[in-house]
Amino acid sequence: MELVAFGSCDAALEQFRAAALTQWEQSEQVEPRPGVFQREAIPAEAPAASPGSITKEQHSGTNNHEAGVEEPDLVQTDGRRVVTVADGRLRVIDVASRRVTSTMDLPGGWAGELLVDGDRALVVGQRELTLVDLTGAARPVGTLAVDGEYVDARLVGGRARVVVRSQPKPPPVEPHAIADTTIDDWLPAYDLTTAQGTRSHGRLVDCENVYHPPEPGTSLLTVLTFELGGPLGTGDPVAIAADGTTVYGSATNLYVAHNAPQGTAIHQFDIASPGAARHVASGSAPGALLNQYSMSEHDGHLRVATMTGADNTVTVLASKGSTLTAVGTLGGLGRGERIYAVRFLGPVGYVVTFRQTDPLYTLDLTDPARPRAVGELKITGYSAYLHPAGEGRLIGVGQEADLQGRALGLQVSLFDVGDAARPVRLAQHRLTGGMAQVEADTHAFLYWPPTGLLVLPTDTDALVLRVGDGSITEVGRIGDGSLVLRSLVLGDELWTVSQSGVLVHDASTLSPIGSVQFA
């Protein structure tokens, strides 16, 4: 799908108005979306950082989809300090002393999420982006408010790519209102404030830098770029007249997808070089995505697993010119069922479908033109998240179910997928009732390969398991009445983070070691 730039603001306005009028005629009124990047002042100054911090050389991090591609989360660590955005505040915790060394209120009291690189953190809040200097007392070095709604972000090599979508303001819902709109009603504005208090505002992106398909919609998708080591700036925006809700990133490409009635639209951006992201190609796949794990890039191809209602399909796409073109298709996965989990790992893939039983399909994707289903394992229940656990092993977390498909409670499975044609389940751990948070939030998952430690925050506490070569053993539970949000391994310690603070346990025995209270 070739995208071209609007030649002028007049041309852009004309096409935006036409798209809105078409939507109105089809009785598909544009619904207002809450603006989430509206500027508010951030209180500065917090206690000074603790000197002489000691690094936990071996430590876990965010449960990222791809190695080397950091995803925003509630908690980040470099082994020396833990940075959290729980309960509407950014806190810096010194690992060695287990003390909160700095606290900074976040705008609107919304927790948001953050990316960390070196001594800089980029906090994405409900109303704005805030670049924070973590040396000494945490302090904002710039805030950027943008009309629009935050979608997602990725960080590679100290460079953050932030995806924002925006709608016209106010939403035109009838012909006379559409005709009265100006270009500033369609393009997002920005408001930038530096640490010195200097403020600038204006149109975020010029009309000539907005690209569109042959029939543009009324939404605008913008990719912003920030070097975390420098000033905040306005993010070198690149925009396309399209919508986007799901983001997947490799080290070199960013993909933004959107489920539409006609299928899943996908836009590819090159992020390998410094500077603005560059739109490469756009295309589509039939059906709808489950989440970002439904997409994966390998050897220049994008694999996409989608649901059509009656069928489930894996489509292999490659960029040819400015179009993402299907080069291979595999259908017939779990007919009449829906996808519950997907994981692509290099030249292989795994898809879980479910209605009454859980078929785990193993896929051979070695030849992009001929993706093949080579194995199938049917068990009761389903896995909602799949995670690699070493050569030929796969962890599945989801729900056990009866033969009628009724969920019975948390189920953790260890699969042997070494022989793709004959996948088997080696071990199973069940809890009556309850669920693991990873079913809805993949960052609420910790697997530590050196010791086989598996930590699953649930709706009541954190379940701690040990995964062996062919076994799953319960080690214990961690909780203090507050909902556990995340868990981290820091050396020989296990940290669990909740809204009220941090509990520290011995990672081998789960003996309590200490705690950090959030004031």
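## A charge over the ring of Y340

In this predicted model, R338 is placed over the face of Y340, at 4.2 Å from the ring centre. The criterion for such a placement is that CZ of Arg lies within 6 Å of the ring centre and within 35 degrees of the ring normal.

## Aromatic pairs

A pair of aromatic rings is described by the distance of the centres and the angle of the planes. Across the whole structure, a search identifies eight aromatic pairs. One of these is formed by F16 and W186, which are stacked, with 5.2 Å from centre to centre and 5 degrees between the planes. This pair connects distant parts of the chain: F16 belongs to helix α1 (residues 9–25) and W186 to helix α3 (residues 183–186), 170 residues apart.

The residue Y340 also takes part in an aromatic pair, with F354 as its partner; the arrangement is edge-to-face, at 5.4 Å centre to centre and 85 degrees between the planes. Because Y340 is located in strand β25 (residues 338–345) and F354 in strand β26 (residues 348–354), the pair ties together parts that are 14 residues apart in sequence.

## Burial of the paired residues

F16 has a relative accessible area of 1% and is therefore buried. W186, its stacked partner, is likewise buried, with a relative accessible area of 2%. In the edge-to-face pair, F354 has a relative accessible area of 6%, so this residue is buried. The cut-off behind these assignments is a value under 20%.

## An aromatic cluster

The stacked pair of F16 and W186 belongs to a cluster: F6, F16 and W186 together form one aromatic cluster.

Definitions and conventions: Residues are numbered from 1 along each chain as its sequence is written. This is a predicted model: local features need pLDDT of at least 70, side-chain atom pairs count only at pLDDT 80 or more; totals for chains, interfaces and linings use all residues. Side-chain values use heavy atoms; hydrogens and water are left out. Rings of Phe, Tyr and Trp (its six-membered ring) pair if their centres lie within 6.5 Å; planes under 30 degrees apart count as stacked, over 60 as edge-to-face and the rest as tilted. Helices (H or I, at least four residues) and strands (E, at least two) are DSSP runs, numbered from the N terminus. Buried means under 20% relative accessible area, exposed over 50%, partly exposed in between (1.4 Å probe, protein chains only).
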